[in-house]
Amino acid sequence: MESFNSKVLCTRADALLKSLIPAVQQLCVSDLQLPKDQQNPPIHQFVSTLIRAAELVKFCESISAFNVFRRCSYASQILKLEEEIDGIMNSIPAHVESDARNLMAALKDLYKELKPPDLSRTLNTMIQQQMSLGNLCRSTEMEEANKCSYLSNVPVKSRFYAGLEKPVGDLKELLFQSEVSVVGVHCMGGGGKTTLALAICNDPHIKDYFENVHFITVSQSPNLKVIIETMWEKIVGRKKPEFQNVEDARIQLNQQLFSQSKRILMILDDVWSRAHLEELLIEAPGYKTVITTRDSSIVPQNSSTRLYQLPLLGHEDALSLFCFSAFGQTSIPSNAHANLVMEVQAECKGLPLALKVIGSSLNGEPYVTWSNAKNKLSLGESISSDHEEGLFRCLETSINFLDDVGRECFLDLALFPENKKTCANALLDIWVYVRKLEWQDAFMMLVEFARKSLLNLVSSPGSQATISYGNASELYFSQHDVMRDLAIYLGNQDSIVHRKRLFMPRKELSLPGEWGEMLNDRPFNAQVVSIHTGSMVESQWYKMDFPEAEVLVLHFSASKYFLPPFVKTMKKLKFVMLCNLNSKRATVEGLDALSSLTQLRSVRLEKLEAPTVLEQIKAIQKLDKLSLCLCQGFGNISTFSNTNLQEFNLDHCSDLEEWPAEICCMPSAQVWSITNCHLVEKLPCDLGNLSSLRMLRLSALPALKEFPASIGKLGQLEFLDISVCEGLKELPEEIGQLKQLKEFDMRECSRLRRLPRSVCELSSLKYVICDEKIGHLWLQVKASFIPDLRVEIVEPQFTLDWLDD
């Protein structure tokens, strides 16, 4: 359906444009007859602007009220047009000025109708909806967003399961048999295996029978040593020793289990390989294992093992799940076309993932969209374990709402591993720098993908505030492995040489042999490249040429790694991510290649030794964003600065104690975020040199004792976060000089008992979030000096969720 208000406003703008364009075109004709030094160039610019406005208004007339992303995109374009017209109003002759001002008013009204909602509020609403959908647990592995590859804690219990009563009962019956030690749960991708496993975790009879229940996701590319180390810490209950290798870890864990003789249930979710499973299976008294897998052949066949085939949903349960995804209720609404709803639901063949994704994609859509979806679904093959392509064809209908740019953005999801939480900033940077979206539009695309169940979003406390400043460092996304497979499938339609994307679907020890055969010494057309390997030395890399590449994502598991030599050929590269998935930090060689990448705009580094990396990054003049997570070695950095950086993020850098010299020589920086660095006792004295800062996050720095007085020089600062700075006893009087400060997050600053008098001078301050201990002081400030101030008092929220990764 179209928005009625939008249509009326478009008609009004269109009428004004139709009368204005001919008049201005006539002025242009007259202007061209004048001598060049008397001509009025803005008039010609005005005609071009009006023609673009007319085209845009036509598009806006037919936009669906439910297409959030497209509405936001058009709103941004209308705002730019309005600003362009305003900029040349002084050059417009008087007899058309009145019509031009009426047009500006019409465009402003249309912008207000289409403009994006408050981003933080949108995120909060969407995540609440996802939590609600998570209650319908058979709706596919919704809880994937709340765990990462090696999370051993049992996820939170959901309140409602669709179609799992019998499978849960069947599985419990098998587990309670004394002779059974291993149960394999088999079903195709998206069939609800993980959801069944989670239901077992939270079943009261299971909790009564077993002393401990643990849940670990294995995935296609597991780090077996890390998984067994996690198993040790959870089962044994103390810090792991140093294991020589996987076999040594298994032997020692087995010995501990025999000495304990406890009833323990270990759930190994998403197992792909028989070899991986053999390394993780342990036999001990009272110890039982549940395996979920797409491949029944990996489950051992012996007297103590049972294989359970998870059936797809029956009609009633499938309809309930589909309706919940499409309408937010478990039955067909009275105003819906019941026959059409049941026809679309039937085409999903009882597969939970298809029911959820397709149902979500049709949420709020008009009759014609439903009818088109039914017709396209009916052309696909039946969904079964033997027809993976049929599943992809079915799910492909769920992205039909996307335009060309949106489709490219969806395919970019395949850059990142399945079932692993990834910082949303990584994806947003690609969409901004490569897909050419405005940051706000990119964020709305992310929210729309989550709303359509194409990915899952998880936020940390405080994330909604930072989004207003173009930063999503506290927001994470994950994707179901089948949805990633769909992105890979759609991206692999062309021949390997001509593909715009080059992906490694899963981790391998080295590069695929196929690449060496087809790409060696040949230029490749890929715009985005994603590689996932183990340790790599220089000689293992093929000699490849990527002249069109703009994105490079490197995942690896190693303590030493050599950057691909072909990086030097990637002259158009705009985004680089190096992510080490090993349990120990890695030293990276070959980094001199980075300094030659003159177009590079964003770099993300995870679990690396920092010094050599930062030395090379200093030379990249166009770099806008630098993010380091779980890196160390800062004590060996003598100096670091980059005068063009706009955003600088440090997170969980455990040995950061002394700041490198010149760290505050970032005059262009608008976002500075230092979080979870537990040894930082003081901030740089010249912090005030960051004169362009709009957002400053100094969160979870428990050893921080004080702020430098120079903080008062941050005259552009709008958002300040000092949450969980437990060692901070007072704020400097100079904080009152932050005349632009609008939001102040000071949760869990337990030793902070008083406020400086100067806070009464924070005339722009609109929102403070804090604990009860300091909250009453802010309420006094509100009552006497800042009546519009909103003070939110919250309880401490201690969490170890960051350990998931």
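The model I am presenting is a predicted one.

With that in mind, consider helix α9, residues 224-236. It lies across strands β2, β3 and β4, and α9 runs at about 170 degrees to β2. The sheet in question is open and has five strands, in the order β2-β3-β4-β1-β5, with parallel pairing. Strands β2, residues 212-219, and β5, residues 305-309, stand at its edges; each has a single partner strand, so one side of each is left without a neighbour in the sheet. From one strand to the next, the twist averages 15 degrees.

Strand β1, residues 182-186, runs parallel to β5 and is joined to it by five bridges.

I move now to helix α4, residues 94-114. Its 21 residues reach 30 Å from the first C-alpha to the last, close to the 30 Å expected at 1.5 Å a residue. Several residues of α4 are buried, among them Val-96, Leu-103, Met-104 and Leu-114.

How many aromatic pairs does a search of the whole structure find? The search finds 17. Trp-431 and Phe-449 form one that is edge-to-face, at 5.5 Å centre to centre and with 80 degrees between the planes. This pair links distant parts of the chain: Trp-431 belongs to helix α18 and Phe-449 to helix α19, 18 residues apart. Trp-431 counts as buried because its relative accessibility is 0%, and Phe-449 is likewise buried, with a relative accessible area of 0%.

A further edge-to-face pair is formed by Trp-541 and Tyr-561, with 6.1 Å centre to centre and 90 degrees between the planes. Trp-541 lies in the loop between β10 and β11, whereas Tyr-561 is in strand β12, so the pair ties together parts that are 20 residues apart in sequence. Both residues are buried. Trp-541 and Tyr-561 also belong to a cluster linked by ring pairs, together with Phe-524, Phe-546, Phe-556 and Phe-566.

Finally, charges over rings. Arg-263 lies over the face of Tyr-209, 4.0 Å from the ring centre. The charged end of Lys-421 sits over the ring of Tyr-476, at 5.9 Å from its centre.

Definitions and conventions: Residues numbered from 1 in each chain as written. Predicted model: local features only at pLDDT ≥ 70, side-chain atom pairs only at ≥ 80, totals over all residues. Heavy atoms only, no water. Pairing = 2+ DSSP bridges. Helix = DSSP H or I, 4+ residues; strand = E, 2+ residues; numbered from the N terminus. Axes fitted to C-alpha atoms, helices over the stretch in contact; angles between N-to-C directions. Contact = heavy atoms within 4.5 Å. Expected span 1.5 Å × (residues − 1). Buried < 20%, exposed > 50% of the residue type's maximum accessible area, 1.4 Å probe, protein only. Phe/Tyr/Trp six-rings, centres within 6.5 Å; stacked < 30°, edge-to-face > 60°. Lys NZ or Arg CZ within 6 Å of the ring centre and 35° of its normal.
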